[in-house]
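Let's take a walk through a protein fold together, one stop at a time. Keep the picture turned so that you can follow along.

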Amino acid sequence: MKHVIITILLLVAIATVGAQTPKRQTFGMSKACYDAVVTLNISKISEYFGTSVEVVTPKGGGVYSRKQAEQVLLSYLENFKSLKCSLSQEKASAGARLAIGSVKADNKSIRLYILTQQRDGNCVIQQIRFEE
């Protein structure tokens, strides 16, 4: 009987802590898409690209296929030794969402803009822009 009461108390405590844990803001993205962005995991980010995606870096920009866009991002980011990304703002309009953040890259601060849209319940990245 004592074990049953202890087990029930533990379950209630776990449920209470879980209920009090604040929901992390994902800026209109699915949790997996958000995690890929903030870790700058380019291969995972590219899974959320549409059939074509606009990529803009200080080196240039254009509309690329999913694979080409992945290569453009890899080429741009591989020059930095340390990268840390955070998102801080979100704007929404006509079904699209713009997440705004920054990337700390070596001694630079790079502004990051990611335009997403929900299609069939999935997060689709339409544009990703880096501005130094």
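Our first stop is leucine 40, which is buried, with a relative accessible area of 13%. Here, buried means under 20% relative accessible area, exposed means over 50%, and partly exposed lies in between (1.4 Å probe, protein chains only). Leucine 40 sits in the loop between α2 and α3. Although leucine 40 is not a glycine, its phi is positive, about 50°. Most residues other than glycine have a negative phi.

Before we go on, a word about what you are looking at. This is a predicted model, in which local features need pLDDT of at least 70 and side-chain atom pairs count only at pLDDT 80 or more, while totals for chains, interfaces and linings use all residues. Residues are numbered from 1 along each chain as its sequence is written, and side-chain values use heavy atoms, with hydrogens and water left out.

Now step back and take in the whole chain. You can find four helices and six strands in the chain; helices (H or I, at least four residues) and strands (E, at least two) are DSSP runs, numbered from the N terminus. Along the sequence, they follow the pattern α-α-α-β-β-α-β-β-β-β. Of the 132 residues of the chain, 33% count as buried. The accessible surface of the chain comes to about 8200 Å², and 55% of that belongs to carbon and sulfur atoms; such areas come from the Shrake-Rupley method with a 1.4 Å probe, and for residues only the protein chains shown count as cover.

Next, look for the sheet. It is an open sheet of six strands in the order β2-β1-β6-β5-β4-β3, with mixed pairing. Two strands pair if DSSP finds at least two bridges between them. At the edges are β2 (60-65) and β3, each of which pairs on one side only. On average, neighbouring strands of this sheet are turned by 20° against each other, direction ignored.

Let's follow some of these pairings. Strand β1 (residues 49-57) runs antiparallel to β2, and six bridges join the two. One place to look is serine 52, whose bridge partner in β2 is serine 65. Strand β4 (residues 96-105) pairs with β5 in the antiparallel sense over 10 bridges, and serine 102 stands opposite arginine 111 in β5. The hairpin of β4 and β5 has two residues between the strands, and aspartate 106 takes a positive phi near 50° there. β5 then pairs with β6, again in the antiparallel sense, over nine bridges. The hairpin of β5 and β6 has two residues between the strands as well, and here aspartate 120 takes a positive phi near 55°. Is aspartate 120 buried or exposed? At 80% relative accessibility, aspartate 120 counts as exposed.

α4 lies across β1, β2, β3, β5 and β6, running at about 30° to β1. Axes are lines fitted to C-alpha atoms, for helices over the stretch in contact, and angles run from 0 to 180 degrees between N-to-C directions.

Helix α2 (residues 31-38) deserves a look too. Which of its residues are buried? They are Cys33, Tyr34, Ala36 and Val37. Seen down the axis of α2, these buried residues fall within an arc of 160°, so they line one face of the helix; the arc is that of the directions from the helix axis to the C-beta atoms. An α-helix has 3.6 residues a turn, so residues three or four places apart point the same way. The cover over the buried residues of α2 includes α3 (42-45), β3 (83-93), β5 (108-119) and β6 (122-131), where contact means heavy atoms within 4.5 Å.

Our last stop is a group of rings. Tyr76, Phe80 and Phe130 form one aromatic cluster. Rings of Phe, Tyr and Trp (its six-membered ring) pair if their centres lie within 6.5 Å; planes under 30 degrees apart count as stacked, over 60 as edge-to-face and the rest as tilted. The structure holds two aromatic pairs. Tyrosine 76 and phenylalanine 80 make an edge-to-face pair, 5.6 Å centre to centre with 80° between the planes. Tyrosine 76 and phenylalanine 130 make a tilted pair, 5.4 Å centre to centre with 50° between the planes. Tyrosine 76 lies in helix α4 (residues 66-77) and phenylalanine 130 in strand β6, so this pair ties together parts that are 54 residues apart in sequence.
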